[in-house]
There are 2 protein chains.
Amino acid sequence: MNNFQFCSPTEFVFGRGTENEAGAYVKKHGGSKVLLHYGGGSAVRSGLLDRVKASLTAAGIRFAELGGVKPNPRDTLVYEGIELCRSEGIDFILAVGGGSVIDSSKAIAAGVPYDGDFWDFYSGKARIAAALPVGTVLTIAAAGSEGSGDSVVTKEADGLKRGTGSDLIRPRFSILDPELTCTLPAYQTACGATDIMAHVFERYFTNTKEVEITDRLCEAVLLTMIRETPRVIAQPDNYDARANIMWAGTVAHTNIVGVGREQDWNSHGIEHELSALYDCAHGAGLAVIMPAWMEFVCSHDVMRFAQAAVRVWGCQMNFAQPEETAREGIRRFRSFLHSIGMPVNFAELGAKEADIPKLVETFGIGGGRTGGFVALSAADITEIYRIAAHAAL
Amino acid sequence: MNNFQFCSPTEFVFGRGTENEAGAYVKKHGGSKVLLHYGGGSAVRSGLLDRVKASLTAAGIRFAELGGVKPNPRDTLVYEGIELCRSEGIDFILAVGGGSVIDSSKAIAAGVPYDGDFWDFYSGKARIAAALPVGTVLTIAAAGSEGSGDSVVTKEADGLKRGTGSDLIRPRFSILDPELTCTLPAYQTACGATDIMAHVFERYFTNTKEVEITDRLCEAVLLTMIRETPRVIAQPDNYDARANIMWAGTVAHTNIVGVGREQDWNSHGIEHELSALYDCAHGAGLAVIMPAWMEFVCSHDVMRFAQAAVRVWGCQMNFAQPEETAREGIRRFRSFLHSIGMPVNFAELGAKEADIPKLVETFGIGGGRTGGFVALSAADITEIYRIAAHAAL
């Protein structure tokens, strides 16, 4: 096990009706004038935004509003948010939405006190040194952004999708009411579930030996997702299944399941190019990419894939031919994703094989290699896209 | 799943050599004059205390010392610590030791700014409203006190062992170097492992339905302990096995494995009377009590015990007679504890059946009932002690 530091100071407030406490938590964490940042559509129609506003008003908190965050949140709205915060004297950002809204909020929070262009944090040109505090009211179990210091934003002009991270943009509190997710369409629910499982697998496949505790914690989240996701697809308003998924999504990404080990994250990088180019859902892109990545790297550590197959997918171990078991686990993963309505290949995702060279070029690895479980070259990434393009059950 | 709040703000610093960062972390968390609180013996002999002092000095932190904490920490030393802190102008308590040292430190931390008798917090007469900040350098994986807001102290005059809890006494940082535990004797190692497993089981047996995610996280910790404990008993200096146990011990007690559900904690209460009367190790007392408690309450929810038997102990499910499976799981737990050197009954623990009436009286339930998974009367507790007195493999 590797040395590590772990701190997850976010205050999580979980359960029915907790969105009505938003105002009290903003106050507790020192906010007096809030930017209420959201997407639109369902948060407005469902009355959620009105309940949050009522809660802010009841707590004596003033607010300005900025809606319109899109999936794969854009830099353009972030610039607008930064200006608005400065002109209105905002001292707290409250995100009401999913990962895109929260990531956009984090970008605004870091951008407000920064002299330069906030994109510097995403291009790697600068590190976040200060940020407004952020709180969240989560509406979809997926990105885990409610408990992480990470943010991913897309530059609208050239379609670059890039991430940054800092404890300074980690939410001070996150309100998680599973009931808010009961009205989510099946497709979005499944995209979220895929993202959650991918967050775990990115940590599970490691070259670090002897990290049984984090292996087991990873498996705990995956087993929960495998049980609960088909239930919410069949019964969208099953509160308990929604609740288990929602908390699993947070646990999957505070890094409690990833400490003490090297992690991979190549599937996320490879997927980001797909959602940047096609504006597809991140989870749907992962459903196509991650099993393809697994097939490509499986032979690097057959016994680790066999462990996942046995412990997570319930495969019988083939002791004579462990690779059979390892590959059966990958097949079950893809089959599971298909069963919850996810695409399995480029055609189902709406991606084109002819675009692979462009995807690889934008990935920007040049003649180098990525890091992670298996360090990938441009040729490797090309091959993973090719496997993903042609994948079948 | 029940509504819950969860916040674990402690900064964990894990791995080889991290005790040398103690001074830097005290400084980061605002300490300028520290009470260095410890037991004695091994922390002194091993040179650990000298390394921590050097680290404090290097960071420009002054300190006073108070050693002599015993297992089942006493109120008498807490009073001494409170006086010392007041007279020396201490602003930070650094615990170097295990659960007893940390619990004693928490009691001192809460007592210093309090006008009355610190025991008020343990007798239930008052709630903690302020406390000095606490940090820890952990030397045994067991109590989980390094990541919790709990503290248990024994009143020396009458042997009362009572607990309190508050986020104000939760450690600001905890330094966990598994190497420090490699020299622990097998018996203490096994006592610690038993305590860790008990912390999980106290949360696992619940009447709350549909908490799959916390069930699975509980099982993750238990499976880790079942794999790693025999390894460290056989190879005391196996760093990786020690590391997995150490982090499992923390995860077991931040409450991440217990949120969203009612919990039990009767075995801890019943055990506390044993360690108060006989001054035996808490873990050894739990090894005798918890399987006895399980046998007593098993019929309350046979399928939950069967789930533990199958998922944790690897039993084959007897679908015709689930109670057979449930009870086989309990037998395997007791047998596992025996295999790591723990006592299985009163005689092996050094307790006397004739003392049962006294134990029940001190427990102090009177004509009432406890709470938890099964609400116990004095007669029930008597029967659990009786089962524990006579238990055999």
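In which hand does α4(B) pass α5(B)? The crossing of α4(B) over α5(B) is right-handed, meaning that the near helix is turned clockwise from the far one by less than a right angle. This is a predicted model: local features need pLDDT of at least 70, side-chain atom pairs count only at pLDDT 80 or more, and totals for chains, interfaces and linings use all residues. Residues are numbered from 1 along each chain as its sequence is written, while chains are lettered from A and ligands numbered from 1 in the order in which they are written.

**Helix pair in chain B**
- Helices α4(B) (residues 75-88) and α5(B) (residues 99-111) have axes that come within 9 Å and cross at roughly 50 degrees.
- Axes are lines fitted to C-alpha atoms, for helices over the stretch in contact, and angles run from 0 to 180 degrees between N-to-C directions.
- Helices (H or I, at least four residues) and strands (E, at least two) are DSSP runs, numbered from the N terminus.
- From α4(B), the contact uses L77(B), V78(B), G81(B), I82(B) and C85(B); from α5(B), S104(B), A107(B), I108(B) and G111(B).
- Contact means C-beta atoms, placed from the backbone, within 7 Å.

**Chain A with chain B**
- Chain B gives 35 residues to the contact, and chain A gives 35 residues.
- On the chain B side, β1 (4-14), α8 (212-234) and α9 (239-251) each give two or more residues.

**Strand pairing**
- β1(A) (residues 4-14) and β1(B) run antiparallel, joined by seven bridges; pairing needs at least two DSSP bridges.
- F14(A) has F4(B) as its bridge partner in β1(B).

Notes
Two residues are in contact if their C-beta atoms, placed from the backbone, lie within 7 Å.
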